Amino acid sequence: MITIYPKVQPDFNNLQKQNKIAPSKPDTKRLANFKLINPPDYVLFAGNGKGKKTEASFDEVFDRAIRDYCKPELFTEKVTNGDKELTPAEVILNRVRNATEYEEGRFEHSLTVAKKAQELAPAHNVSPEKALLAGVIHDYAKGMSNEELLQYALLNELKVTKDEITVPSKLHAPVGAHKAGEDFGITDEEILRAVRTHSLGSEDPENKPLSDLDKIIIIADNVDPWKDRKKKEKGKENIEGSLITETYKKTKDLDKVMLDYFRCKIVKALDSSKQIRQQYIDNYNYLANKANSNSGTSAS
Ligand SMILES: [Fe+2]
Ligand SMILES: [Fe+2]
């Protein structure tokens, strides 16, 4: 039985009757035919192109992240390209690529987010390894259809929120966290939670506020220039990205940045007469009250 909070009981009977979605293990046959990415290629995607130091740093941090937070024995030995056995990093990147290739630029976006998160982490005493790994896997389930996401959540008894049920594409966050955890042997709660919260924020900010790692992943996700281009194609602006960049540059304060981010989400919904996601309101209220109590003023 799926657990939903706050208390909502959508009808899942039909979902249970439907076919099971693809197993969480990747399609190795498809993977074997897939054009492999050599390390220098993915490093170029993620690096800033200004020198070897940054490029090597991505590789090193990624390798440390895999050593510390993944179980390569779960996924290294079975995947080969001809005579060559892939490194654990290559296996992860190829699986992420396979999972995100449905959309032009989504795989590169995953790497850009990882790199940005890695860069932001040290200034906020966050582990660069956790930040990079969370960035790489944050959209791991983004290529699944709404039906697949709902089925996955149901079959794996995931806890989901009312907002995620209302807009099932938002389930790519909790499903991605679970699926990446299964596929790569990631059990670190902080990494999985950063993936879990990257789309809607915390499901319960009063009791489980966003961590600095969670905030960094949201920031890195929204400031990727690829998002600007995607929104422009639809005649929109990446207002969240601009606002986040501006506030971060000015303050370097993750809470202030998040407050602006959730405010932007709420205002955008109001401006377009759309329903406001409850989690945006809850996260905004939590951060606003925290800011007001820190500055000694009471919330209105
Ligand atoms: Fe996402
Ligand atoms: Fe993303």
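Glu 237 counts as exposed because it has 11 C-beta neighbours inside 10 Å; with C-beta atoms placed from the backbone, a residue is exposed if 12 or fewer other C-beta atoms lie within 10 Å of its own, buried if 20 or more do, and partly exposed in between. Glu 237 sits in the loop between α13 (225-233) and α14 (239-251). Its C-alpha lies 9.1 Å from that of Lys 227, a residue 10 places away in sequence. This is a predicted model, in which local features need pLDDT of at least 70 and side-chain atom pairs count only at pLDDT 80 or more, while totals for chains, interfaces and linings use all residues. Residues are numbered from 1 along each chain as its sequence is written, and chains are lettered from A and ligands numbered from 1 in the order in which they are written.

The protein as a whole has 16 helices and four strands, taken as DSSP runs (H or I, at least four residues, for helices; E, at least two, for strands) and numbered from the N terminus. Of its 300 residues, 41% are buried. Contacts are pairs of residues whose C-beta atoms, placed from the backbone, lie within 7 Å; among those between residues at least 6 apart in sequence, 62% join residues at least 24 apart.

Helix α7 (residues 128-137) is mostly covered, with 10 of its 10 residues buried.

Leaving aside residues up to four places away in sequence, Val 195 touches Ala 134, Ile 137, His 138, Ala 173, Gly 176, Ala 177 and Ala 180. The axes of α10 (residues 172-184) and α11 (residues 189-196) come within 7 Å and cross at roughly 145°; axes are lines fitted to C-alpha atoms over the stretch in contact, with angles from 0 to 180 degrees between N-to-C directions.

Ala 117 and Ile 216 belong to another pairing: Val 113, Lys 116, Ala 117 and Leu 120 in α6 meet Ile 216, Ile 217, Ile 219, Ala 220 and Asp 221 in α12. Helix α6 (residues 106-120) and helix α12 (residues 212-222) pack at about 130°, their axes 8 Å apart.

Technical notes: Two residues are in contact if their C-beta atoms, placed from the backbone, lie within 7 Å.
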